[in-house]
Amino acid sequence: MDPATLETSVAANGDLILIPAVPLNQQMVQHLWQEIRQILAQSNPPQLVLDFRNIQTIDSAGLALLQALNEYCRTNGIDVRYQDIAPKVERFLTFLNSAKGVAAGGEHLVRENWVSRLGIAVSAGLKDAREQISFSGSVAVAMVRVFTHAKPFRWRETWYYIQLCGADAMPIVSLISFLMGLIMAFQAAVQLRQFGGNIFVADLLALAFTRELGPFLTAVILAGRSGSAFAAEIGTMKVNEEVDALTVMGFDITEFLVMPKIYAMALAGPLLTCLSNWMGLMGGLVVGVIGLDLTASSFLQEAYEILDLSDVLTGLLKSFGFSIVVGAIGCLRGLQTEQGADSVGRQTTSAVVSGIFLIIFVDAIFTVIFHVFDW
Amino acid sequence: MGSSMMSAATESATDRPAETAPEIIRVEGLDLGYGGHALLRNMDFSVYAGEIVTVLGGSGCGKSTLLKALVGLLPPIKGRVIVGGEDITDQDPETLMRARRKMGVLFQSGALLGSLTLAENVALPLKEFTGLSREFIDAIVQLKLHLVHLEDYGHYMPAELSGGMRKRAGLARAMALDPEILFFDEPTAGLDPITAAEMDQLILQLNATLGTTMVVVTHELTSIFTISHRSIMLDRERQGIVAIGDPRALRLESSDTLVQAFFKRQAFPLDPSRRSDAR
């Protein structure tokens, strides 16, 4: 026991008197409580008297100490009495003790078991699938309305998003595609050189980029760059009730907010894919010229000869599909945002993750279709 | 809220703390603004321990700007701000930290962290700045939530609550560390009349019982007359303080037409020649 913190004495009738020598505040209560518990554990008196003669200041932590003390004594069958309370302290205790029956412990959430959590997750997944199907339907209807001239095509908004998703993405798409072409050419050259097949690096890159890598890389970049931006933009609008305001004014949210973004992605995606294909070849060309003793013209000639129109068109068709999917899922996640800043963050992340998953899913579908039709 | 509070429905600010009460906040020659452009100029005033001071004025006059300066979120263009004995003008991190330990702020929308429950929001400063055990922190959290009558809502997320409840939760968090000074940014904005009256009564009770100094930014006339010991009125056009004093006295005695128009809720004359504040 630290006499600087707490003095004790025993009355003639056996009551234990505790006299704290420090304020009952945030800084002191923890240490004081440890002292008191030690003393009570050793002595177990019939009644405890807490003498406030030295207490001039008390705060919420001090009240928490008193509550903990009351609870401990109640559990151990010890009566508690206070004495010599200063008027200021008494007013504080009276005011805060209007919080009667406050438990010394927060509410504890009931944790579901794994079966419940699995059920909740499956239910949420099914709900999301339903929303995606419903959203796809509303997008399709909005497209039909434009083509039948029932609704105007929003050129200004679409051009704005083409600039944002397309033109502004050119540097990053170029850089990543160039570097990917460089890397692939290096990796391929190591093997092909052994068989004297240096020139086939051009074939590899041309086919890989036009049929698969170009569309895929471009789509992933768009998902991270534009899909997340759409989700954040629409999500913030939802949090600020701007979407509700548009709805109440009579705007069709899909037609007004979503379609310009999807049209922009559908136009910008294939164009960026063409850029990606070209830059990937350029990356390979650098390796071919510097490391494989090829000439630029022989490299490009080889790439030109191996490519079919179907290779280019299938790649562009994939890119078209990927871009629409990325734009749509970004907008959907934005519309699914609930109240609060953390929901905007979650949906933005989900837009990217879902976008990448859907890119691969759609890619698998296209691969099967092209195989069936031998494209 | 509880019957003890409803029975004090007509309670209003008690006598102003004695003139000898120590200065808690002092502002000297203060210019405030954004991007180097001053909104408010040459402000001088003090707030004394135990006072409730309301900061009022028309929309855009700089009330929230002044509040930001007092809590150290906005460095002044010129002048000094001393809060709780700490000169926070230079925004020195350690000085700001010491000053902020003495203050609590209720922001206009509550500013609760959306990813935490109400109880976790209130516990946050206690966990961060005290060495108290989980048991004590939980008890204090429950106490604070009970003070604002949200004791059954500790496990709720902020998004699940109404605006008024979020404000009350924000107040519970602002009080978590038992600060010497509480700042309020439009505490009754957006509240229904009953909840607004209950908020006013809570402010008065906290002041009367805990002696907490309070600075309340508001333009709600009912609140101003209910809670204020003194008021500081700002004006955008005059770029500074146009009146300081007991709002009841200002309403009756001020010859300034702007002050009169504000307190009597009248349209302010647009013709400068009809205004006593004409330069």
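Visitor: Which domains does the assignment give for chain A?
Guide: The assignment gives domain 1 (6-96) and domain 2 (114-372) of chain A; the bounds come from an automatic or database domain assignment. This is a predicted model, where local features need pLDDT of at least 70, side-chain atom pairs count only at pLDDT 80 or more, and totals for chains, interfaces and linings use all residues. Residues are numbered from 1 along each chain as its sequence is written, and chains are lettered from A and ligands numbered from 1 in the order in which they are written.

Visitor: How far apart are the C-alpha centres of domain 1 and domain 2 of chain A?
Guide: Those centres lie 68 Å apart.

Visitor: At what angle do H5 and H9 of chain A pack?
Guide: About 50°, with the axes of H5 (residues 155-165) and H9 (residues 253-291) 8 Å apart. Helices are DSSP runs (H or I, at least four residues), numbered from the N terminus. Axes are lines fitted to C-alpha atoms over the stretch in contact, and angles run from 0 to 180 degrees between N-to-C directions.

Visitor: Which residues in H5(A) meet H9(A)?
Guide: Glu157(A), Thr158(A), Tyr161(A), Ile162(A) and Cys165(A). Their partners in H9(A) include Pro260(A), Tyr263(A) and Leu267(A). Contact means C-beta atoms, placed from the backbone, within 7 Å.

Visitor: What about chain B, what pLDDT does chain B average?
Guide: Chain B averages 85, and 89% of the residues score at least 70. pLDDT is the predictor's confidence in each residue, from 0 to 100.

Visitor: Where does pLDDT stay under 50 in chain B?
Guide: Over residues 1-11 of chain B, for which the model has twelve contacts beyond four places in sequence. Where pLDDT is low, the predicted coordinates should not be read in detail.

Visitor: What ipTM and pTM does the model score?
Guide: ipTM 0.72 and pTM 0.72.

How values were computed: Helix = DSSP H or I, 4+ residues; strand = E, 2+ residues; numbered from the N terminus. Contact = placed C-beta atoms within 7 Å.
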